[in-house]
Amino acid sequence: MSRMLEGKRILVTQAGDFMGPALCDALTAQGAIVVASEPALVAPDAASEVVAAAGPVDVLVANLAIAAPTTPAVDVGDDEWRSTFAALVDPLPRLVRAVVPGMLARGGGKILVMGSASALRGMRRASTYSAARGAQLAYVQAIGVELAPRNIQVNAIAQNFVDNPTYFPPAVQQDPRFQDRLKREVPLGRLVSASEDAAFAAYLCSDAADCFIGQVFPVCGGWAIR
């Protein structure tokens with residue numbers, strides 16, 4: 001479908017990180033007016049400020065990321081736990097409170113959360129990160145069914161092994177041990193490209209995806225099946 005987002009105003013958060021650059025390119029290519037917001041949203045007022053600055057928004061793409069902690073579970077301290085949830089989970093209800101009233105006034109909208117498949121499959125030394133990403137997905141499912149009758153569709157992409165600079169920088173991809181891991185753990189046998197992931201995200205932001213409600217879509221080359 002060509003230009004399936006023609007004229008839609010789409011706010012992408014933390015647009016310089018994680019999937020932000022690829023998302024902005026894909027959404028723009030489909031005709032969207034992209035509002036690329038780069039600040040992290042840890043501060044309590046940050047989400048509402050970003051939404052207010054963006055103006056009317058048809059679609060919110062909540063792209064949130066941090067460097068994933070790799071602390072063994074028995075060594076995870078309160079500071080790590082709180083800071084991870086502050087970066088990945090706390091911004092979501094703040095974004096929803098800020099963006100949904102305008103969507104309702106305009107008759108509807110969409111919210112897409114760029115999440116992680118780490119919430120769908122156990123990973124060693126990833127308890128804090130997986131828990132936060134899992135909270136994101138549970139939140140999406142809950143508000144998805146709540147907002148659907150108001151013509152706001154909320155969904156999430158749960159990704160892993162997708163080419164992006166935050167979690168798979170060139171140094172990691174070139175490591176022979178990582179290449180062996182790809183062949184061993186990922187049925188696809190390679191990273192999902194950023195453009196493949198972003199193209200799917202663009203579809204979920206379009207009117208063609210109106211039928212999806214509170215869905216979590218794994219994009220991970222078969223690493224996690226839901």
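Gln153 is buried, with a relative accessible area of 4%. The model is predicted. Gln153 belongs to strand S5, which covers residues 152-159, and S5 is part of an open sheet of six strands with parallel pairing.

- From one strand to the next, the twist averages 20°.
- Helix H1 (residues 20-29) packs on this sheet and touches S1, S2, S3 and strand S4 (109-116).
- The direction of H1 makes about 175° with that of S1.

**Strand S3 and its partners**

- S3 spans residues 59-63 and pairs with strand S1 (residues 9-12) in the parallel sense, over three bridges.
- Across this pairing, Ile10 stands opposite Val59, and Leu11 stands opposite Leu60.
- S3 also runs parallel to S4, and five bridges join the two.
- Val59 has Lys110 as its bridge partner in S4.
- Five of the five residues of S3 are buried, so the strand is largely enclosed by the rest of the structure.
- In a regular strand the side chains alternate between the two faces of the sheet.
- In S3, Val59, Val61 and Asn63 point one way, while Leu60 and Ala62 point the other way.
- Residues pointing either way from S3 are buried.

**Helix H3 and its cover**

- Two packed helices are described by the angle between their axes and the distance between the axes.
- For helix H3 (residues 78-88) and helix H5 (residues 127-147), the angle is about 35° and the axes are 9 Å apart.
- The crossing of H3 and H5 is right-handed.
- H3 contributes Glu80, Trp81, Thr84, Phe85 and Leu88 to the contact.
- H5 contributes Ser127, Thr128, Tyr129, Ala131, Ala132, Arg133, Ala135 and Gln136.
- By type, the residues of the contact between H3 and H5 are seven nonpolar, four polar and two charged.
- An α-helix has 3.6 residues a turn, so residues three or four places apart point the same way.
- Glu80, Thr84, Phe85, Ala86, Ala87 and Leu88 are the buried residues of H3.
- The cover over these buried residues includes helix H4 (91-105) and H5.

- The side chain of Gln153 makes a polar contact with the side chain of Asn151, at 3.1 Å.
- Beyond its neighbours within four places in sequence, Gln153 is in contact with Gly109, Lys110 and Ile111, and also with Asp210, Phe212 and Ile213.
- One of these residues, Lys110, is also the bridge partner of Val59.

- Asn164 lies in the loop between S5 and helix H6 (170-173).
- Asn164 is buried, with a relative accessible area of 3%.
- The side chain of Asn164 reaches the backbone nitrogen of Thr166 at 3.1 Å.
- Not counting residues up to four places away in sequence, Asn164 touches Phe18, Met19, Gln159 and Pro169.
- Among these residues, Gln159 falls within S5 (residues 152-159).

How values were computed:
Residues numbered from 1 in each chain as written. Predicted model: local features only at pLDDT ≥ 70, side-chain atom pairs only at ≥ 80, totals over all residues. Heavy atoms only, no water. Axes fitted to C-alpha atoms, helices over the stretch in contact; angles between N-to-C directions. Helix = DSSP H or I, 4+ residues; strand = E, 2+ residues; numbered from the N terminus. Left-handed = near helix turned anticlockwise from the far one by under 90°. Contact = heavy atoms within 4.5 Å. Nonpolar A, V, L, I, M, F, W, Y, C, P; charged D, E, K, R; others polar. Buried < 20%, exposed > 50% of the residue type's maximum accessible area, 1.4 Å probe, protein only. Polar contact = N/O pair within 3.5 Å; in protein donor to acceptor, adjacent residues only side chain to side chain. Pairing = 2+ DSSP bridges.
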